[in-house]
Amino acid sequence: MKTLKLDAINDYENAVNIASEILVSGGIVAVPTETVYGLAASAFSDDAIRSVFTAKGRPQDNPLIVHIASTSMLGDIAKDIPEVAYECAKAFWPGPFTMVLPKGDKIADSVSGGLQTVAVRFPSEKTICDIIIKSGLPLAAPSANTSGKPSPTSASHVIDDLDGKIDAVVIGGDCAVGVESTVVSLIGESPRLLRPGAVTPQQLRKVLPNLVIDDAVLEQLKDGQTAASPGMKYKHYAPRTNAILVEGCSNSFVKFVNEKTDCAAICFEEEYYNILVPKISYGSKRDEFTLAQKVFSVLRDIDDLGVKEVYIHAPSKDGVGLAVYNRLIRACGFNVVTL
């Protein structure tokens with residue numbers, strides 16, 4: 001298969017039109033969002049969704065998120081929608097926020113990984129919204145990468161993973177947020193945070209004061225436990241190099257990695273010049289937004305360092321830092337050292 005490269009930077013209207021035509025015909029297209037690039041397909045077509053799973057090598061019990069371009073589309077995606085869902089939509093849409101709701105009858109069963117629920121969000125990035133409007137389709141779109149690898153935050157990441165496996169990639173700029181959307185389930189007695197993102201628990205509790213943070217945000221799902229959201233069940237975001245997450249202060253981290261051999265460090269910029277092994281900074285420890293923007297790109301760069309192991313300095317679990325920590329602990333396969 002030849003993958004078309006559609007340049008939305010220099011020829012936006014043409015890129016949107018061709019991408020929409022491919023999606024209407026049952027094809028799959030990588031598109032930029034404000035979080036990461038998504039691999040989009042019609043949420044109404046089981047055949048198209050199966051093509052997404054095949055291209056990514058993604059387990060089919062791992063649910064997808066459906067993207068819409070207006071709150072008015074929600075009725076085509078979900079049913080028995082609680083009033084609190086509209087309160088959340090008013091507060092957090094368009095943006096990097098996903099709700100899990102009872103699945104509507106029009107949505108392909110394969111979208112939900114065998115569950116009777118559906119995850120849905122209204123992104124703020126113009127390109128995907130214009131493609132949704134032009135095609136007339138809600139789009140199921142997991143991250144546009146090989147399953148298990150770091151999520152793509154640039155078109156070049158998508159091409160590295162999926163060139164020749166998908167119909168097209170819409171080439172836009174780098175993603176502004178850098179980690180996938182916050183996911184909250186509105187099924188059950190209390191709203192439950194399933195995946196942290198740029199919309200933080202502190203922000204959520206202004207609308208959802210009884211929010212519960214699911215154990216799986218920081219812990220591995222037990223064998224046989226059902227994944228209610230993308231990013232919960234399987235090892236995700238991982239480089240080929242063995243990665244270990246390290247918790248502790250800067251002085252302890254610097255001393256720890258400098259005593260190691262044949263390793264590299266992913267560190268904060270404040271400690272960069274004190275580290276003697278090969279290293280990459282992913283931002284200031286005080287700037288959780290930059291850490292989020294850079295974390296996946298840095299995870300992709302690790303394998304170019306040519307070492308056996310990489311030690312990653314863990315961020316704070318406050319605010320957006322919780323989302324970065326959540327991605328890193330999965331990238332490291334829950335292998336954590338506490339200094």
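# Notebook: sheet, cores and ring pairs

**Entry 1. The open sheet.** I began with the sheet, in which 5 strands lie in the order E14-E13-E15-E12-E16, open and with parallel pairing. I noted that the model is a predicted one. Which strands stand at the edges? They are E14 (279–281) and E16 (336–338); each has a single partner strand, so one side of each is left without a neighbour in the sheet. From one strand to the next, I recorded a twist that averages 20 degrees.

Strand E12 (residues 242–247) pairs with strand E15 (residues 309–313) in the parallel sense, over 5 bridges. For Val-246, the bridge partner in E15 is His-313.

**Entry 2. Helices across the sheet.** I next asked which strands helix H8 lies across. Helix H8 (residues 250–258) lies across E12, strand E13 (263–267), E15 and E16, and runs at about 175 degrees to E15. Helix H10 (residues 321–331) lies across E12, E15 and E16, and its direction is at about 135 degrees to E12.

**Entry 3. Val-179.** I located Val-179 in the loop between strand E8 (168–171) and strand E9 (182–185).

**Entry 4. Cysteines.** How many disulfides does the structure hold? I found 0 disulfides. Cys-129 is in none, and the nearest cysteine sulfur, that of Cys-175, is 13 Å away. Cys-129 has a relative accessible area of 10%, so it is buried. For Cys-249, the closest cysteine sulfur is in Cys-267, at 14 Å, which is too far for a bond. Cys-249 counts as partly exposed because its relative accessibility is 45%.

**Entry 5. Nonpolar cores.** The largest nonpolar core has 70 residues. Those with the most contacts inside this core are Leu-39, Ile-68, Trp-93, Phe-97, Met-99 and Val-170. Another core, of 31 residues, lies apart from it and includes Leu-245, Ile-280, Val-320 and Ile-329. I followed up Trp-93: leaving aside neighbours within four places in sequence, its contacts include Ile-68, Met-99 and Phe-122.

**Entry 6. Aromatic pairs.** A search of the whole structure gave 6 aromatic pairs. I looked up two of these.

The rings of Trp-93 and Phe-122 form an edge-to-face pair, with 6.4 Å from centre to centre and 70 degrees between the planes. Trp-93 is in the loop between helix H4 (83–92) and strand E5 (97–102), while Phe-122 is in the loop between strand E6 (117–121) and helix H5 (126–135); the two are 29 residues apart. Both Trp-93 and Phe-122 are buried.

The second pair is Phe-268 with Tyr-282. Phe-268 counts as buried because its relative accessibility is 4%. Tyr-282, at 1% relative accessibility, likewise counts as buried.

Conventions
Residues are numbered from 1 along each chain as its sequence is written. This is a predicted model: local features need pLDDT of at least 70, side-chain atom pairs count only at pLDDT 80 or more; totals for chains, interfaces and linings use all residues. Side-chain values use heavy atoms; hydrogens and water are left out. Two strands pair if DSSP finds at least two bridges between them. Helices (H or I, at least four residues) and strands (E, at least two) are DSSP runs, numbered from the N terminus. Axes are lines fitted to C-alpha atoms, for helices over the stretch in contact, and angles run from 0 to 180 degrees between N-to-C directions. Contact means heavy atoms within 4.5 Å. A disulfide is a pair of cysteine sulfur atoms within 2.5 Å. Buried means under 20% relative accessible area, exposed over 50%, partly exposed in between (1.4 Å probe, protein chains only). A nonpolar core is a set of buried Ala, Val, Leu, Ile, Met, Phe, Trp, Tyr and Cys residues joined through side-chain atoms within 4.5 Å. Rings of Phe, Tyr and Trp (its six-membered ring) pair if their centres lie within 6.5 Å; planes under 30 degrees apart count as stacked, over 60 as edge-to-face and the rest as tilted.
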